[in-house]
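Open the model in your viewer and keep the selection tool at hand. The stops below go from the whole chain to single residues.

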Amino acid sequence: MIVRALVAAIALLSAGAVMAEPLAIPRNAPIVSSDGVVLGKVDRVLTANDTVTGVQLILGSKMIVIPGDTLSLDGDTVKTTLSRKDVRALR
């Protein structure tokens, strides 16, 4: 009985039936760079097919888009793997 359950679970995993939950990034959440600098707050979450493709924030007087593949959530804080310098270069 246990062996059947394990085989069924492995089959589901290998078939891609179990999907990771998409990031639920809240608007106005603080965004922190990889070097610990608070960059600002999420102005807009960009999505495609229920996947976060990026977040917009205002940095200085410019609208910046941080790519979704660099983002993670730590509680209510959004963290990016980009440094402050890298984010400024996105201008």
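Start with the whole chain: buried residues (under 20% relative accessible area with a 1.4 Å probe, counting protein chains only) make up 27% of its 91 residues. This is a predicted model, where local features need pLDDT of at least 70, side-chain atom pairs count only at pLDDT 80 or more, and totals for chains, interfaces and linings use all residues. Residues are numbered from 1 along each chain as its sequence is written, and side-chain values use heavy atoms, without hydrogens and water.

The accessible area of the chain (Shrake-Rupley, 1.4 Å probe) comes to about 6,400 Å². Carbon and sulfur atoms hold 56% of that area.

Now show the cartoon. The order from the N terminus is α-β-β-β-β-β-β-β-α.

Select 30-32 and 38-41. These are β1 and β2, paired in the antiparallel sense over three bridges. Pairing here requires at least two DSSP bridges between the strands. Pick Pro30 and find its bridge partner in β2, Lys41.

Next, the open sheet. Three strands build it in the order β3-β4-β5, with antiparallel pairing. Select 44-48 and 62-67: β3 and β5 stand at the edges with a single partner strand each, so one side of each has no neighbour in the sheet. Neighbouring strands are turned by 25 degrees against each other on average, direction ignored; the axes are lines fitted to C-alpha atoms, and angles run from 0 to 180 degrees between N-to-C directions.

β3 and β4 pair over five bridges. Ala48 stands opposite Thr51.

Which residues touch the most other members of the largest nonpolar core? Select Ile31 and Ile66; the core has 15 residues. Such a core is a set of buried Ala, Val, Leu, Ile, Met, Phe, Trp, Tyr and Cys residues joined through side-chain atoms within 4.5 Å. β4 and β5 are the elements that give two or more residues to this core. β4 gives the largest share, four residues.

How values were computed:
Buried < 20%, exposed > 50% of the residue type's maximum accessible area, 1.4 Å probe, protein only.
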